Protein chains: 2
Amino acid sequence: MVTGLRPWPWSLVALAFCAACLGSAKGGKLLAIPMDGSHWLSMREIVQEISLRGHETVVLAPELSMHIREGPFYTLKTFPVTFSKDQFHNMQENPYLLFETAPVLKRFFDMAGGMKDFADMQFGFCSDLVSNKELMKSLEQAHYDAVLTDPVVPCGAIMAQYLSVPAVYFFRGIPCDFTAEGTRCPDPSSYIPRMFTENTDHMTFLQRVKNILYTLPQSVACHVFFSSFARLASELLQRDMSIVDVLSHGSVWLMRSDFLLDYPRPIMPNTIFIGGMNCANTKQLSQEFEAYVNASGEHGVVVFSLGSMVSEIPMTKAMEIAEALGTIPQTVLWRYTGKPPSNLAKNTKLVKWLPQNDLLAHPKTRAFITHAGSHGTYEGLCNGVPMVLMPLFGDQMDNAKRMESRGAGVILNVLEMTSDDLSKALKTVINDKSYKENIMRLSALHKDRPISPLDLAVFWVEFVMRNKGAPHLRAAAHDLNWIQYHSLDVIAFLLAIVLTVVLIAVKCLKFCFQKCFGKKEKAKKATKSKSH
Amino acid sequence: MVTGLRPWPWSLVALAFCAACLGSAKGGKLLAIPMDGSHWLSMREIVQEISLRGHETVVLAPELSMHIREGPFYTLKTFPVTFSKDQFHNMQENPYLLFETAPVLKRFFDMAGGMKDFADMQFGFCSDLVSNKELMKSLEQAHYDAVLTDPVVPCGAIMAQYLSVPAVYFFRGIPCDFTAEGTRCPDPSSYIPRMFTENTDHMTFLQRVKNILYTLPQSVACHVFFSSFARLASELLQRDMSIVDVLSHGSVWLMRSDFLLDYPRPIMPNTIFIGGMNCANTKQLSQEFEAYVNASGEHGVVVFSLGSMVSEIPMTKAMEIAEALGTIPQTVLWRYTGKPPSNLAKNTKLVKWLPQNDLLAHPKTRAFITHAGSHGTYEGLCNGVPMVLMPLFGDQMDNAKRMESRGAGVILNVLEMTSDDLSKALKTVINDKSYKENIMRLSALHKDRPISPLDLAVFWVEFVMRNKGAPHLRAAAHDLNWIQYHSLDVIAFLLAIVLTVVLIAVKCLKFCFQKCFGKKEKAKKATKSKSH
């Protein structure tokens with residue numbers, strides 16, 4: 001008899017197809033402590049699903065936020081912060097920095113300064129939260145079943161430990177091998193490219209040298225970024241905590257990655273790969289966009305967005321881009337809120353917002369110009385659209401490199417590219433069939449899985465809620481120190497034994513040798529001296 | 001709106017619930033090259049499901065076999081072998097060896113001799129297969145989409161490479177870290193117990209020493225077992241092949257394990273855990289067994305089987321066991337084909353065969369006396385039945401240790417135990433509530449998964465069939481040699497640079513020092529000599 005899924009109690013499959021069972025998963029309490037920006041936009045999908053499954057869901061966020069707003073599916077709890085509103089808004093509105101053509105060193109320090117400001121702000125928010133006695137008390141009294149948080153800002157991870165509640169991490173990656181350290185996952189640098197190196201998994205000797213060398217500056221940067229959080233955790237939890245100790249608390253790590261975008265490497269059993277969960281729900285296009293697409297004729301459309309952080313760019317760059325866009329026969333839908341460039345061609349439509357995933361899912365979409373943020377890259381990948389990649393910061397360069405290395409896109413340096421470069425790149429990904437074939441192959445493999453990434457994410461959040469964590473998936477490596485983990489003590493012990501045995505053997509041999517031949521030698525000498 | 005699984009193309013879920021889609025998975029051709037014994041009994045489940053999904057399924061086996069027979073769901077192709085029939089049957093009927101109370105060293109060499117005979121027989125079968133030109137030609141011409149095989153005897157893995165067909169491995173474990181080497185998975189000995197050590201994942205210093213020391217003899221044993229296969233592969237494929245090269249061909253590794261039985265450790269993306277798939281299909285008990293169970297009253301039943309290999313034991317041991325079984329109020333159902341012990345108590349029923357999984361699933365079953373084979377252990381675990389574990393050989397000691405370390409069973413040494421020991425052990429697992437609580441907790445966790453292990457196994461076999469392998473899940477580590485993998489060349493290069501820089505710096509300093517102070521020194525000396 002075939003077949004179907006067997007009735008595993010509590011399984012998501014059972015839940016999904018058996019309305020009557022829904023009650024059995026109801027009644028849990030989830031506290032979500034998200035990271036702002038696009039990170040929240042995809043976590044919101046999980047929060048919504050969890051809420052729809054009958055759990056009480058509370059989202060905890062500072063009162064200053066880019067995207068975290070009230071929603072119909074969860075209760076938003078905001079807390080007051082001491083950070084200045086003006087400064088917060090200034091920090092959001094500085095995309096020009098990314099397009100600055102200053103010397104490399106100045107740009108590096110500007111970027112680092114920006115990162116430092118961001119880290120300070122996040123730390124300030126976290127301090128404001130933990131010193132808000134009333135709020136902390138109410139959180140303690142709420143007895144949540146799990147905390148869902150993005151560990152790239154470890155405030156949620158600290159809160160989970162403080163509340164003695166298991167944590168589910170939802171993230172794209174944490175710099176400095178903290179993902180590997182936090183889960184105790186081996187992470188050989190010989191074929192696992194380090195963040196920001198732009199390496200692939202097949203490296204030349206010099207790329208492997210670069211891969212190892214990138215560890216040190218990243219470690220320094222992370223020390224700057226995370227040390228204040230480690231201090232805060234130590235004070236709050238009243239024991240000495242490193243940031244790895246804080247992160248190790250994670251019961252399940254939901255990683256927004258898969259092995260079509262990232263490269264295959266060792267993983268730990270409590271790391272679950274849910275890359276592409278953001279492109280699961282495709283909706284019908286609105287009339288406005290349907291009209292644009294229909295009017296595009298046989299050539300179809302090109303979708304162009306540099307992500308939620310960047311909606312306008314310096315005019316000279318915008319004009320260069322506009323010129324390039326005018327050279328292709330496709331209709332270009334460009335998300336752009338700035339002053340329209342004067343040379344905008346007829347085929348280019350500026351829009352303040354566009355339904356990116358829905359447009360990419362349309363069969364008439366021929367190419368996607370993107371900054372290679374992880375969400376956008378997955379939306380291009382899921383929907384099989386070749387990409388022109390213009391990475392700006394963070395992991396975008398790595399995402400872009402991964403797509404390029406698989407023959408699914410062309411990378412352009414947004415600062416150095418000319419109008420001609422962009423025009424050529426667009427024509428290449430649209431007209432060279434190999435790009436479409438490669439991205440379609442990747443897309444088919446990405447979708448060929450036994451359970452959708454969003455359902456998998458929801459399953460594991462509920463798993464942690466109902467089982468109070470997932471200790472059976474936690475490696476015993478967490479209980480070993482560095483020397484024990486690498487068996488250095490055992491190796492030293494065995495070496496000591498071998499050395500002792502060798503030494504004793506040598507001594508014995510020497511002794512025997514002396515006993516046997518020493519006498520003869522003496523006898524010889526004696527004979528010789530007599531004969532003299 | 002909630003909630004269900006999203007429509008991922010080809011997904012098993014879609015297939016399972018959408019009869020119309022079934023056609024899309026039809027038409028593949030699978031070649032199964034199983035390992036005999038209980039290994040085949042669980043692989044058969046997958047073969048059956050694959051066949052029911054509309055694929056052509058051929059099972060290839062030597063004409064001498066314990067359990068591989070014609071079946072309604074697949075075509076059995078047998079091939080003639082040169083191995084003697086009598087010797088084959090003699091090898092199956094030697095369970096007494098396991099109960100021999102000879103000195104340890106004699107038992108070790110007897111066992112090793114048995115293993116060697118088994119290896120020679122398997123190698124003989126494989127040689128007979130590859131030298132059967134007609135059969136080999138027909139296999140080549142059949143153009144299979146995938147080979148499903150148990151790599152513990154690597155004949156199927158060799159055949160897959162010869163036929164240039166992707167391989168799916170279905171296995172419980174391969175000694176000598178071959179699983180880790182074949183997938184290039186890190187395998188620290190500090191917390192991952194080596195086979196046959198009886199260690200858990202939490203080891204004392206001396207246990208860690210033992211864990212490392214076990215590597216060498218295992219490596220020697222594996223060399224003996226596998227070297228002939230490596231030679232055969234090299235000849236057949238006309239290139240130099242080690243056994244790890246042969247195994248590395250595996251596209252997907254379906255491992256009959258999970259993290260309730262085994263301990264959490266690093267895994268590679270192409271290793272899929274399907275432990276417990278053998279206990280998915282529970283059937284109604286036959287009248288005979290239903291009657292036994294119903295007649296057992298409030299005390300319920302105890303199920304006792306030492307697996308498909310051992311159905312009778314020496315009379316003295318059988319009498320000891322019978323005496324112990326008589327001391328408990330439960331009805332004991334004992335699978336035993338030998339002469340009944342004269343002291344058999346009324347509560348003990350001897351049967352030639354029993355529906356083990358179905359009996360264990362019955363709520364009246366109180367305990368399970370088992371040899372701790374992986375199938376039986378999972379059936380006890382799935383159904384939440386505390387166990388008395390009497391491991392006999394192979395991985396059974398390790399399986400038993402895993403259950404004991406989790407408080408779900410008591411281990412007895414079948415050679416040394418007295419009647420009293422067995423009686424006490426049974427009373428402990430039945431009356432001490434902690435055993436039942438622990439096994440029920442493990443059972444609930446084992447079943448709490450998004451998709452059943454059998455469906456997962458079937459999904460991945462079909463995945464490999466339709467995608468011609470799974471190269472996107474294959475780590476780039478396969479393309480690195482040992483030195484590159486461990487970055488020893490990079491470390492040497494960086495050390496060389498550091499040393500060169502230090503040397504040059506020292507030389508420069510020395511030179512400057514001489515220039516600066518050398519003159520003064522000379523001047524001093526000159527002054528001194530003048531003053532003299």
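Q: Which residues have the most contacts inside the largest nonpolar core? And what is the strand order of the open sheet in chain A?

A: This is a predicted model, in which local features need pLDDT of at least 70 and side-chain atom pairs count only at pLDDT 80 or more, while totals for chains, interfaces and linings use all residues. Residues are numbered from 1 along each chain as written, chains are lettered from A and ligands numbered from 1 in the order written, and side-chain values use heavy atoms, without hydrogens and water.

The largest nonpolar core has 230 residues, and Ile46(A), Leu254(A), Ile46(B) and Leu254(B) have the most contacts inside it; such a core joins buried Ala, Val, Leu, Ile, Met, Phe, Trp, Tyr and Cys residues through side-chain atoms within 4.5 Å. Leaving out residues up to four places away in sequence, Ile46(B) touches, among others, Phe170(B), Leu254(B) and Val461(B) (contact: heavy atoms within 4.5 Å).

The open sheet of chain A has 6 strands in the order S10-S9-S8-S11-S12-S13, with parallel pairing (at least two DSSP bridges between two strands; strands are DSSP E runs of at least two residues, numbered from the N terminus). Its edge strands are S10 (348-351) and S13 (409-411). Within it, 3 bridges join S11 (365-370) to S12 (387-389), and Phe368(A) has Met387(A) as its bridge partner in S12.

In the loop between S11 and helix H14 (374-382; helices are H or I runs of at least four residues) lies His371(A), which counts as buried because its relative accessible area is 13% (buried is under 20%, exposed over 50%, partly exposed in between, with a 1.4 Å probe and protein chains only). Beyond its neighbours within four places in sequence, His371(A) contacts residues including Ser305(A), Met390(A) and Gln396(A).
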